[in-house]
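Here is a short briefing on one protein chain. Keep the sequence and the 3D view open while reading.

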Amino acid sequence: MQYQNIITIEPGKRGGKPCIRGMRITVYDVLSYLASSMTSEELLDDFPYLTQKDILVCLSYGADQERL
């Protein structure tokens, strides 16, 4: 999955961690919520500015980083 247009890294935002579409929610945040048994639906309800594609991109990004 292509995530280059969704995952952004800005040095002054969240310590330069990968964020979603320039917002202050990081890939780590999303993956942590999912790992703590929060469902995608619950995540989208709690963070209405996120999309299902954002969640899938976070999973893809995390998998790619693990491969490195």
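In this predicted model, helix α1 (residues 27-35) packs against helix α3 (residues 52-67) at an angle of about 100°. Their axes lie 9 Å apart. An angle of 65 to 115 degrees counts as roughly perpendicular, so α1 and α3 are roughly perpendicular to each other.

**The α1/α3 contact**

- On the α1 side, the contact is made by Val-27, Val-30, Leu-31 and Leu-34.
- On the α3 side, Ile-55, Cys-58, Leu-59, Tyr-61 and Gly-62 make the contact.
- By class, the contact of α1 with α3 has eight nonpolar residues, one polar residue and no charged residues.
- Gly counts as polar, and Gly-62 is one of the α3 residues in this contact.

**The nonpolar core**

- The largest nonpolar core has 16 residues.
- Ile-7, Ile-20, Ile-25, Val-30, Leu-43 and Leu-50 have the most contacts inside this core.
- α1 and α3 each supply at least two of the core residues.
- The largest share, four residues, comes from α3.
- In soluble globular proteins, nonpolar side chains tend to be buried together.
- Ile-7 is in contact with Pro-18, Cys-19, Val-27, Val-57 and Tyr-61, leaving aside its neighbours within four places in sequence.

**Leu-43**

- Leu-43 lies in helix α2.
- Leu-43 counts as buried, because its relative accessibility is 0% and buried means under 20%.
- Not counting residues up to four places away in sequence, Leu-43 touches Val-30, Tyr-33, Leu-34, Met-38, Leu-50 and Ile-55.
- Leu-43 and Ile-20 are 23 residues apart along the chain, and their C-alpha atoms are separated by 14 Å.

**Helix α3**

- At 1.5 Å a residue, the 16 residues of α3 should span 22 Å.
- The end C-alpha atoms of α3 are 23 Å apart, which agrees with that span.
- The buried residues of α3 are Asp-54, Ile-55, Val-57, Cys-58, Ser-60, Tyr-61 and Asp-64.
- What covers these buried residues includes β1 (7-8), β2 (19-20), α1 and α2 (40-46).
- An α-helix has 3.6 residues a turn, so residues three or four places apart point the same way.

- Asp-29 lies in helix α1.
- Asp-29 has a relative accessible area of 18% and is therefore buried.
- Asp-29 touches Arg-14 and Arg-24, not counting residues up to four places away in sequence.
- Met-38 lies in the loop between α1 and α2.
- Met-38 counts as buried, because its relative accessibility is 18%.
- Leaving aside neighbours within four places in sequence, Met-38 is in contact with Tyr-33, Leu-43 and Asp-46.

**Positive phi in loops**

- Arg-21 sits in the loop between β2 and α1.
- Phi of Arg-21 is near 45°, a positive value in a residue other than glycine.
- Arg-21 is partly exposed, with a relative accessible area of 38%.
- Ser-37 sits in the loop between α1 and α2.
- Phi of Ser-37 is near 80°, also a positive value in a residue other than glycine.
- Ser-37 has a relative accessibility of 61%, and exposed means over 50%, so Ser-37 counts as exposed.

Notes. Residues numbered from 1 in each chain as written. Predicted model: local features only at pLDDT ≥ 70, side-chain atom pairs only at ≥ 80, totals over all residues. Heavy atoms only, no water. Axes fitted to C-alpha atoms, helices over the stretch in contact; angles between N-to-C directions. Parallel < 35°, antiparallel > 145°, perpendicular 65-115°, else oblique. Contact = heavy atoms within 4.5 Å. Core = buried A, V, L, I, M, F, W, Y, C linked by side-chain atoms within 4.5 Å. Buried < 20%, exposed > 50% of the residue type's maximum accessible area, 1.4 Å probe, protein only. Expected span 1.5 Å × (residues − 1).
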